Amino acid sequence: MIRHLTALLLLTHALSFAQTPPKPYGATPAPRQVLWHQTEVYGLIHFTPTTFENKEWGFGDADPKSFNPSDFNAEQIVLAAKAGGLKGIVLVAKHHDGFALWPTKTTEYNITKSPFRDGKGDLVKEVADATRKHGLKFGVYCSPWDRNNAKYGTPEYLAIYREQLRELYTNYGELFMSWHDGANGGDGYYGGAKEKRSIDNTTYYQWDSTWTNLTRKLQPNANIFSDIGWDVRWAGNEDGSVNETSWATLTPKPSEGQNVAVPGQANATENPGGTRNGKFWIPAECDVPLRKGWFYHPNEKPKTPEKLFDLYLKSVGRGAALDLGLAPDTRGQLHADDVAALKAFGDHVSQTFATNLVGKATSKAVNVRGYNSIYSAKNILDGKPESYWATDDDFKTPEVIMDLSQPIVFDIISIQEFIKLGQRIEEFAVDAWQDNNWKEIHKGTSVGAKRIVKLEAPVTTQKVRLRITKSPVSIAISEFGLYKDSE
């Protein structure tokens, strides 16, 4: 009797363990951040009087009447972005020049003082409506620095800025991002003062209370972007890439000589790689203009589709996101060159990743958590990001072999961790079965939301092996794919 009871208890314990998922490791993403990771590529639109001045930064003294696009077409911009594979749009509702693209009550320096739509226009609404109509997400950027406002640098300006955020948060639907620049203070028009104003940006904007009492309350699903997060960090450059080893976690550090990390005062050298075992889940955004500058300049050309694909691999392919700067011309549309570059880039990505060449392979793993099919290695080939292969807690360096019925030719490898349980893998390797032996074709480090590797030359094989060679805990991998570059 005792023997049967002991066996029953052991069986119950085993079944219980088999149903228990791995414990999360380190910082993990909030639901809004998981959705942000899935967005992968989005755009950042710069379009203010600065466009009509052919400048990169407006001084804040441009006549509102200069903002007069001859044929503004939000749908043309959004459809071009969608053709490029972009899944969201962040509109610069107010840049450093202080010109507001919506009929704000906070300043006279806004779109109602321009000829646009006979002074009755709302460009933020037009872009928001077009974006959602075509299935993209919408977000806003409202510069904290205002080179036009006479109150900038005084305590009164903080109330003005916060009211601008409140208007944007409450009048334009759900936002997927609230984007905050680190540029703060300097030369400006400031209501005619034409002087240089400096502020202490570690205290002036009171970011903690601004984000807590406004952003989190009014737009709880909006990811806050800045040098330091709270949800998405700047990559530390405007080149469109992060380090090959890149962690989604970060412990924000202040700039040298400062005692607090805030937008504009952060240790950007930490940002391209993140912080292994960092305190917070703050993945990187790689922001880069489609052209040379953020605003439209007639003498510039967009990046080639090949360059854009390379940036995709160095951003999305390293667990970050790619934010492409879109610059409408004086018509209020994207130039035909930009439209063509986006379309070619979008086609390149979609065609390359249309079919997982190893998707129909059989898989055999050395370990499956609790011998439970819920955590089977088959999950990494099912195309479902919510399922994953997991191992027992004491099995940290597993491997899985994928066998196909016939040889395939590939030059791109893609791996995704189940990031709801944290970023776990530190090193991995991929082997191909060639000449009756395993041949290592790639070894890498961080994985995270997505790791994409472009091999130097195509590989032909019928069997592939994925090895996890270093991890502090058991693994949780949601997807593995092999692809052939369409170009």
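**Close-up views of salt bridges and a buried glutamate**

Arg 276 has a relative accessible area of 21% and is partly exposed (buried means under 20%, exposed over 50%, partly exposed in between, with a 1.4 Å probe and protein chains only). The model is predicted: local features need pLDDT of at least 70, side-chain atom pairs count only at pLDDT 80 or more, and totals for chains, interfaces and linings use all residues. Residues are numbered from 1 along each chain as its sequence is written, and side-chain values use heavy atoms, with hydrogens and water left out.

**View A. Arg 276 and Glu 426 meet in a salt bridge (2.9 Å, N to O).** A salt bridge is a side-chain nitrogen of Lys or Arg within 4 Å of a carboxyl oxygen of Asp or Glu. Glu 426 is buried, at 16% relative accessibility.

**View B. Asp 231 and Arg 32 form a salt bridge (3.2 Å, N to O).** Arg 32 lies in helix 2 and Asp 231 in the loop between strand 7 and strand 8, so the pair ties together parts 199 residues apart in sequence. Helices (H or I, at least four residues) and strands (E, at least two) are DSSP runs, numbered from the N terminus. Both residues are buried.

**View C. Arg 291 and Asp 338 form a salt bridge (2.8 Å, N to O).** Asp 338 is in helix 9, and Arg 291 is in the loop between strand 11 and helix 8. Both Arg 291 and Asp 338 are buried.

**View D. Glu 270 is buried yet has no salt bridge.** Lys 253, the nearest side chain of opposite charge, is 4.0 Å away (Lys and Arg count as positive, Asp and Glu as negative; His and the chain ends are not counted).
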